[in-house]
Amino acid sequence: MTYLSKNELKQLSDRPNLIVPKESVFELPEKVLQFGTGVLLRGLPDYLIDKANRQGIFNGRIVVVKSTDGGDASAFDEQNSLYTLCVRGVELGQNVAENIVCSAISRVLSAKSQWQSILDCAKNPELQIIISNTTEVGIQLTQDDISATPPASFPGKLLAFLYARFQAFGGSKASGLVIIPTELITDNGTKLESIVVELAHRNGLESSFLDWLESANHFCNSLVDRIVPGKPDADTYQGLTQELGYEDKLLTMSEVFRLWAIEGNEHVKQILSFHKADDGVFVEPDINLFRELKLRLLNGTHTLSSGLAYLAGFDNVIGAMQNETMSAYISNLMLSELGLAIPYPMDEKSPQRFGMQVLDRFRNPHLNHQWLSITLNYTSKMKLRNVPTLLRYYDIFNCVPEYFSLGFAAYLCFMKSVAKERFVYFGERNGQLYPIQDEKAEYFYQQWQKNTPAQLVESVLQNKTLWDTDLTLLPGFAQSVIENVENMLENGVKTTLEAFFYKNTTPFIEINATL
């Protein structure tokens, strides 16, 4: 069987289950410099640029910089930087399976051995955009010499490249670039810009460059969201290879959902013309809306459902979504409570639309989210993701959010330790121990040891160190949580969930029908 390469594309063009690029794509100019070779970049930004090229919109390719010594980039050379993206999942309730040969990457250069070639890209007048994903650790200020070959840090490399750009075009304002970090930290563009500016000062660069750096370039905050597991397991890979008819060392799996929100003005939007090719790309003056939707609906629902689902006997998200009662709980929690109280101004339809997409993601049979993994740092997640929504719910409705209360009660039951081994506390589910991976595990151990369930609930909810507020002041909330905890301890979590659901019939189906 052959490997994927440019020479094989003609033989693949008639495959009904495969999207193959036209030969003309290889003539497109290099418009993007990308720091990072990881699967998230290949599965989201590179995929979106490839999609735009196929539609004749962006018409540009990507030079990729391999910044670290780890890993092997030889597969990119062997396959002419082509790779297959296999998209699997659920969208609008329908199963999706797409295979796409992505051709957005033109070449991959090593920062260690080809630094001068990378700097030469700064002379390219067609270049418009820099993208990065160097992990969260990459965006940090360290002492760095930009004359090194190469500089040690990602910000140092970026500064050296921008300085070469400044020199190549004599400080022309038109030569400035749009710079989009995709690292998963808040205000990533703002932070990267401040580090680059500080490094420029430390390296003694001239004031005219500093002016150009800050006035001609656009550092954009961005938010990316797509699950890209990367290369599948051996059996899945073998099956895909048989389906496709070729081997691909870079074959990458991805879910259907995609979101790339980029903070920028009209000039930035014009440069990032690829946004027109996919409704998952947003270029807006403020992207906090997207951050809040993700935090409150996806992350918040995960957090409030995790202990409940796990203690009810479900190991992973797809298993829970295949159960009628648990699936109904998750849907009602998200759409009928959390979606109605997001602490950020937005139109009422946005949470419903986003929530339906999240539910599709939860139903994806190709993803294996373990509930136990989601409970990592449970308490801090509950505080960050859910307490502001709870407070907002009371501001609006001044009554108990029943699904929230049940999820919170399950969180307290999940944090009930029955054993300790060295520094790890363990809870119990059906006679089996599970680790409580939370920095507050000892606190909860002490609370459960010395209090009745009702006393524990009161004590925990009053703890301003945990929540920055006294949650017992919310009318009826403490009593509701107490009743749920007592029911779980007496009757079991699964029985409590089933009884609760049939008692509380918030009509989430009616909500969906209005979209």
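What follows is a tour of selections, with a note on what sits at each one.

**Before you click**

This is a predicted model, so to speak of local features a pLDDT of at least 70 is needed, side-chain atom pairs count only at pLDDT 80 or more, and totals for chains, interfaces and linings use all residues. Residues are numbered from 1 along each chain as its sequence is written, and side-chain values use heavy atoms, with hydrogens and water left out.

Start by coloring by pLDDT, the predictor's confidence in each residue, from 0 to 100. The protein averages 95, and 97% of its residues reach 70 or more. Now select 506-515: the pLDDT is below 50 there, and beyond near neighbours in sequence this stretch has 18 contacts in the model (contact means heavy atoms within 4.5 Å).

**Stop one: the cores**

Which residues touch the most other members of the largest nonpolar core? Select Tyr329, Phe408, Leu412 and Phe477; they do, in a core of 75 residues. A nonpolar core here is a set of buried Ala, Val, Leu, Ile, Met, Phe, Trp, Tyr and Cys residues joined through side-chain atoms within 4.5 Å. Buried means under 20% relative accessible area, exposed over 50%, and partly exposed in between, using a 1.4 Å probe and protein chains only.

Next, show helix α17 (residues 402-414), which gives the most to this core, with ten residues. For element names, helices (H or I, at least four residues) and strands (E, at least two) are DSSP runs, numbered from the N terminus.

Center on Phe477 and list its contacts. Leaving out residues up to four places away in sequence, Phe477 touches Leu390, Tyr394, Val400, Phe404, Ser405, Phe408, Leu461 and Leu471. Apart from this core lies another, of 41 residues; Leu40, Ile62, Ile131 and Val256 are among them.

**Stop two: a three-stranded sheet**

Switch to cartoon and pick out β9, β11 and β12. They form an open sheet in the order β9-β11-β12, with mixed pairing. Two strands pair if DSSP finds at least two bridges between them. At the edges are β9 (222-225) and β12 (281-284), each pairing on one side only. From one strand to the next, the twist averages 5° (axes are lines fitted to C-alpha atoms, for helices over the stretch in contact, and angles run from 0 to 180 degrees between N-to-C directions).

Zoom in on β11 (residues 259-263): four bridges join it to β12, and the two run parallel. One place to look is Ile262, whose bridge partner in β12 is Val283.

**Stop three: salt bridges**

The structure holds 18 salt bridges, each a side-chain nitrogen of Lys or Arg within 4 Å of a carboxyl oxygen of Asp or Glu.

Select Arg258 and Glu91, whose side chains meet at 3.2 Å, N to O. They are 167 residues apart, with Arg258 in the loop between β10 (252-254) and β11, and Glu91 in strand β3 (residues 83-91). Arg258 is buried at 15% relative accessible area, while Glu91 is partly exposed at 34%.

Now jump to Arg361 and Glu255, which meet at 2.5 Å, N to O. Arg361 lies in helix α14 (residues 349-362) and Glu255 in the loop between β10 and β11, so this pair ties together parts that are 106 residues apart in sequence. Buried or exposed? Arg361 and Glu255 are both buried.

Asp347 is partly exposed at 41% relative accessibility, and Arg353 is partly exposed at 47%.

Where is the cis peptide bond that joins Thr149 to a proline? Select Pro150: the bond has an omega of about 5°, and Pro150 is in the loop between β6 and α6.

Last, check two positive phi values. Asp187, not a glycine, has phi of about 55°; look for Asp187 in the loop between β7 (178-181) and α7 (188-202). Asn377 has phi near 55° and lies in the loop between α15 (371-374) and α16 (378-397). Asp187 is partly exposed at 34% relative accessibility, and Asn377 is partly exposed at 37%.
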